[in-house]
Each structure stands twice: as structure tokens, then as C-alpha cells.
Amino acid sequence: MFQSSDRVKVGRNGPCPCGSGKKFKKCCMDKDLYDFESMRNLYYKQYKIQLKESKDIEKLRRVGKLVIDTLDMVEKKIHAGMKTDEINTLVHDYTISHSAIPAPLNYRGFPKSVCVSINEVICHGIPGERFLVDGDIVNVDVTSILDGYYADASKTYLVGEAGQDALKIVSVARECLKKGIKKVQPGNTLGDIGWAIQSYAEKQRCSVVREFVGHGVGFDFHEAPQVPHYGQKGNGIKLVPGMVFTIEPMINLGRKDLRILPDKWTAVTRDNSLSAQFEQTILVTENGCESLTPYEL
């Protein structure tokens with residue numbers, strides 16, 4: 001999609017994509033900093049952000065498809081009475097059978113191949129002996145490595161007959177991701193994404209977790225930049241084509257506060273309220289964005 005000669009299309013009176021806050025015509029327009037190669041160098045130097053070019057994006061689409069195929073496979077098999085460790089086995093075996101690697105396994109000591117987070121668990125739930133029961137909500141977070149490239153996505157599923165609180169928080173979390181993605185286009189900022197998510201969640205009388213954020217992804221599991229799911233319009237790094245990052249708002253039905261369990265991984269809501277999350281890996285394009293892990297929202 002982006003070769004070294006490709007241009008970031010910016011109007012002369014628009015904000016300069018270098019992030020200076022000046023108009024493009026008074027900043028980089030005459031410095032030839034808007035070709036892709038120069039922008040890649042600039043963003044790495046300033047922010048440690050690694051922009052992706054055409055060959056990278058094709059690889060990311062491949063691993064992204066595998067991640068979504070994995071989630072679709074799990075969705076068909078989730079049922080009440082299932083142990084969370086069975087979900088881990090499904091994800092692990094499916095990933096390996098497709099010549100890929102489950103990124104979470106042994107990452108900073110994480111003992112499993114997938115994160116499975118139920119009800120009050122915000123994220124990083126470790127699969128084990130816990131059984132799913134009717135009325136649970138369960139988030140399954142899959143990150144795969146294929147040919148050295150990473151993609152990351154998650155969904156929250158309803159188990160059996162869900163109550164009104166469960167239906168609400170899953171709906172709000174899904175819509176939060178949708179609204180965040182809509183703000184991804186060149187010239188917008190990371191703060192625009194966070195603002196869109198936070199303002200919607202709080203209007204629904206829900207809260208946004210602060211301690212865990214989205215992140216750059218592609219060449220590694222976690223790259224720059226961090227992508228907060230709260231913030232103010234216009235704040236933060238300007239988005240430019242070639243940026244790839246996750247948007248993964250964690251939305252609580254109650255307060256935003258959390259605690260970490262003794263396993264040093266599992267994050268739960270402090271007030272034991274329900275929490276839900278949806279996540280996709282997003283590419284900034286010349287005209288907007290593309291999900292590299294697409295599913296319907």
C-alpha cells in the first residue's frame with residue numbers, strides 16, 4: 001500500500017502530520033517530510049513508532065485473518081460447563097496447526113496461550129479449572145505470530161441466557177470500539193480516539209479502565225504508541241498512514257477501579273461489577289483506516 005514514494009495527503013492549511021501543532025504550509029510542506037520514508041524516520045525518531053509499508057501490511061492481513069478465524073472457531077464451541085482451560089487448548093492447537101505461534105504463551109511469564117476473562121475479570125484472565133456457567137460473559141483475547149508478524153483481537157461472548165446487566169455492558173463495550181475506530185484517520189490524534197470512547201461510555205453510566213491501553217503492534221507484541229481509551233480531542237500524537245495499533249477499550253459497568261489478583265496477572269473490577277472488552281488491530285490508511293482483524297460491530 002505504501003512505498004517510499006507514497007505521499008501522506010495533507011491540505012496546506014491542515015495540521016502538519018509531524019505533530020508540531022503548526023499548519024502544514026508553515027511547517028513541513030517545503031521540507032519534503034511528507035513522503036513515506038521520511039515520515040517513517042521522523043515518527044521512529046520522535047515517538048519510536050514503527051510505520052508499516054506494503055510488504056508488512058500484507059503479512060499483517062494474513063496473521064489478522066488467522067486471529068479472527070481463531071475467535072470464530074472458539075465462538076462456535078463456547079458453552080456452559082466448559083472449563084476455561086479447554087478454550088486455551090482450542091486456541092493453542094488451532095494456532096499451531098496453522099503454522100503460527102500463540103504470542104501470550106510464556107510472554108513475561110504468562111503461562112497460557114490465550115487470555116480468558118469472565119464477568120468481573122477485566123483482562124489477563126489465566127485459563128484454568130473455572131467452569132463457564134449460564135449467564136456469564138467471557139472475553140477471549142487472541143494474539144498470534146505468523147511469519148514473524150503479530151496481530152491482536154478479542155471479543156466478549158455471552159454464555160447462554162444473559163441478564164440485562166450483561167447485555168448492557170457487552171453492548172456498550174462493542175459500541176466503544178466502533179466509535180474509537182471511526183476516529184482513526186490521518187490528521188486526527190490518539191486523544192480523539194480516547195475522547196470518543198470515554199464520552200460514549202460515560203454517557204451510558206459506565207467507566208473506562210485507565211491502567212490498560214491499546215498499543216502499537218505488528219513487528220512485536222507491544223510497540224509504541226500507547227493508545228489510551230480516554231482523553232481529550234486534539235491531544236496526543238497525530239495519526240499518519242502506516243501506523244498500526246490496537247484499540248481495545250475495557251469498559252466497566254461500575255467504577256473504573258481495579259485490583260490485581262495474587263497470580264500477578266488477572267485484573268478484576270474492585271467493586272466486582274461486570275467488565276467487557278472488544279479489540280481490533282487497526283491500520284491508518286491515506287483516507288481513513290482498515291481493520292486488520294475485521295469483524296462486525
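Start at a helix end. Thr 189 caps the N-terminal end of H5, with a side-chain oxygen 3.3 Å from the backbone nitrogen of Gly 191. Before I go on, the ground rules. This is a predicted model, so local features need pLDDT of at least 70 and side-chain atom pairs count only at pLDDT 80 or more, while totals for chains, interfaces and linings use all residues. Residues are numbered from 1 along each chain as its sequence is written, and side-chain values use heavy atoms, with hydrogens and water left out.

Is H5 mostly covered or mostly open? Mostly covered: ten of its 14 residues are buried. Buried means under 20% relative accessible area, exposed means over 50%, and partly exposed is in between, with a 1.4 Å probe and protein chains only. The buried residues of H5 include Leu 190, Ile 193, Ile 197 and Tyr 200. Asp 192 and Gln 198 are also among them.

What do these buried residues pack against? The partners are helix H4 (164-182) and strands E6 (207-208), E8 (223-227), E9 (244-247) and E10 (250-252). Contact here means heavy atoms within 4.5 Å. Just after H5, Arg 205 takes a positive phi of about 60 degrees.

**Sheets**

Two of those packing partners, E6 and E10, come back in a sheet. It is an open sheet of three strands, in the order E6-E10-E13, with antiparallel pairing. E6 and E13 (275-277) stand at the edges with a single partner strand each, so one side of each has no neighbour in the sheet. Two strands pair if DSSP finds at least two bridges between them. E6 and E10 are joined by two bridges. Val 208 has Ile 251 in E10 as its bridge partner.

Another open sheet has three strands in the order E3-E12-E11, again antiparallel. E3 and E11 (258-260) are the edge strands, each pairing on one side only. From one strand to the next, the twist averages 40 degrees. Axes for that angle are lines fitted to C-alpha atoms, for helices over the stretch in contact, and angles run from 0 to 180 degrees between N-to-C directions. Three bridges join E11 to E12 (residues 267-269). Arg 259 has Val 268 in E12 as its bridge partner.

**Salt bridges**

Now charges. A salt bridge is a side-chain nitrogen of Lys or Arg within 4 Å of a carboxyl oxygen of Asp or Glu. How many salt bridges does that rule give? The count is 16.

Take Glu 58 and Arg 61. Their closest N and O atoms are 2.3 Å apart. They sit three residues apart in helix H2 (residues 54-77), so about one helical turn separates them. Glu 58 is partly exposed, at 45% relative accessibility. Arg 61 is also partly exposed, at 25%.

Arg 62 meets Asp 147 in a salt bridge, 2.5 Å from N to O. This pair links distant parts of the chain, 85 residues apart: Arg 62 is in H2, and Asp 147 is in the loop between E4 (137-146) and E5 (149-158).

Arg 130 and Glu 120 meet at 3.8 Å, N to O. Arg 130 is in the loop between E3 and E4, and Glu 120 is in the loop between E2 (115-118) and E3. Salt bridges that share partners also join Glu 37, Arg 40 and Glu 53 into one network.

Asp 56 lies in helix H2. Is Asp 56 buried or exposed? Buried, at 2% relative accessibility. Its side chain makes a polar contact of 2.7 Å with that of Tyr 149. A polar contact is a pair of N or O atoms within 3.5 Å; within protein, one must be able to donate a hydrogen and the other to accept it, and residues adjacent in sequence count only if both atoms are side-chain atoms. Leaving aside neighbours within four places in sequence, Asp 56 is in contact with Tyr 149 and Phe 219.

Last one. Thr 285 is in the loop between E14 (280-284) and E15 (289-291). Thr 285 is buried, at 11% relative accessibility. A polar atom of its side chain lies 3.3 Å from the backbone nitrogen of Cys 289.

How values were computed:
Helix = DSSP H or I, 4+ residues; strand = E, 2+ residues; numbered from the N terminus.
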